[in-house]
Amino acid sequence: MKTTERLLSATADIWAAYNAHPFVMGIQDGTLARDKFKYYILQDYLYLEEYAKVFAIGIAKAKSLDTMRLFSRQVNFLTEGEMNIHRGYMGAFTVSQEELSATPRALDNLSYTSYMLRVAYEEGEAEILAAILSCAYSYEVIAKTILKNNPRAAEHPFYGNWVKGYAGSDFCDGNVVLLDTLNFLTCNYTEDQLQHLTDIFVACSRYELAFWEMAWNMSK
Ligand SMILES: Cc1ncc(CO)c(N)n1
């Protein structure tokens, strides 16, 4: 079994809960309250700033030029590509730099990024990839499942850009490389090493679900 198949099978229940979450279902049918989405976009922008640092540490930990390039491309894609989705929405909500700077990180957000940064500082390149995978790949799966359940979600005048951004090839092509690299780097891992990788992936998958719940509740 490929490492990524093992990780995904260990978290199947958590991953199934993403698309059943009321926040995600609200994006799917376009009924999500705008104030909840604004809260989410601000928290997620703050999240992405820290998440980009996880890749940046990966650059320094990389043991080959190929892995270094993977991490480096992702830092660039996050800051120049993915964060543009957020900047578009922040423009629509007329969020100023002052409002963004004055927004405190909610505890689930802070806890998630602190955990990933700890993995990044303490562990090796494959463990960093496992921590990143649940973020990067779950958004692809969520957006594609939304489109499967409601093909018109991409045309929604407000939430359509979010769905198209995460189901689109710019975002998803990076995940193919992420999955392949993680499988390649861990093909000779021992059972203990694989179990440790699974623990990291389960923790990050739980944090992903907590992030949707945090957004739904607009937690302070
Ligand atoms: C919380 C969270 N997880 C994953 C992604 C996808 O990069 C995101 N933007 N935010």
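Predicted model: local features only at pLDDT ≥ 70, side-chain atom pairs only at ≥ 80, totals over all residues.

Colleague: Where does M68 sit, and which residues does M68 touch beyond its neighbours in sequence?

Modeller: M68 is placed in helix α5, residues 65-92. With neighbours within four places in sequence left aside, its contacts are I59 and A62. G58 is 10 residues from M68 in sequence, and their C-alpha atoms are 7.2 Å apart.

Colleague: Is V202 buried, exposed or partly exposed?

Modeller: V202 has 16 other C-beta atoms within 10 Å, so V202 is partly exposed. V202 belongs to helix α11. Outside the four places on either side in sequence, V202 is in contact with A10 and T11. Y47 is 155 residues from V202 along the chain, with 19 Å between their C-alpha atoms.

Colleague: Which residues of α7 are buried?

Modeller: In α7, the buried ones are D108, N109, Y112, T113, M116 and A120. These cover an arc of only 125° around the axis, so they lie on the same side of α7. The general idea is that an α-helix has 3.6 residues a turn, so residues three or four places apart point the same way.

Colleague: What does the buried side of α7 pack against, and what does the opposite face carry?

Modeller: The buried residues of α7 pack against α4 (34-61), α8 (125-149) and α11 (191-217). On the face turned away from that side are the exposed residues L107, S114, R118, Y121 and E122.

Colleague: Which residues are buried in α9?

Modeller: Helix α9, residues 160-167, buries W162, V163, Y166 and A167. Their arc around the axis is only 115°, which puts them on the same side of α9. The cover over these buried residues includes α3 (22-29), α5, α8 and α10 (169-185).

Colleague: Now the ligand. Which residues surround the ligand?

Modeller: The ligand is surrounded by D44, Y47, L48, E82, C135, A136, Y139, E208 and F211. Helices α4, α8 and α11 each supply at least two residues of this shell.

Colleague: Let us step back to the whole chain. How many helices and strands does the protein chain have?

Modeller: The protein chain has 11 helices and 0 strands. Its pattern along the sequence is α-α-α-α-α-α-α-α-α-α-α.

Colleague: How does the radius of gyration compare with that of a compact globule?

Modeller: A compact globule of 220 residues would have a radius of gyration near 17 Å, and the protein chain has 17 Å, so the two agree. Along the principal axes, its C-alpha atoms fill a box of roughly 50 × 35 × 30 Å.

Colleague: What share of the residues is buried, and what share of the contacts joins residues at least 24 apart?

Modeller: Of the 220 residues in the protein chain, 35% count as buried. Taking contacts between residues at least 6 apart in sequence, 81% join residues at least 24 apart.

How values were computed: Residues numbered from 1 in each chain as written. Buried ≥ 20, exposed ≤ 12 C-beta atoms within 10 Å, placed from the backbone. Helix = DSSP H or I, 4+ residues; strand = E, 2+ residues; numbered from the N terminus. Arc of directions from axis to C-beta. Contact = placed C-beta atoms within 7 Å. Rg over C-alpha atoms; globule rule 2.2 N^0.38 Å. Near = placed C-beta within 6 Å.
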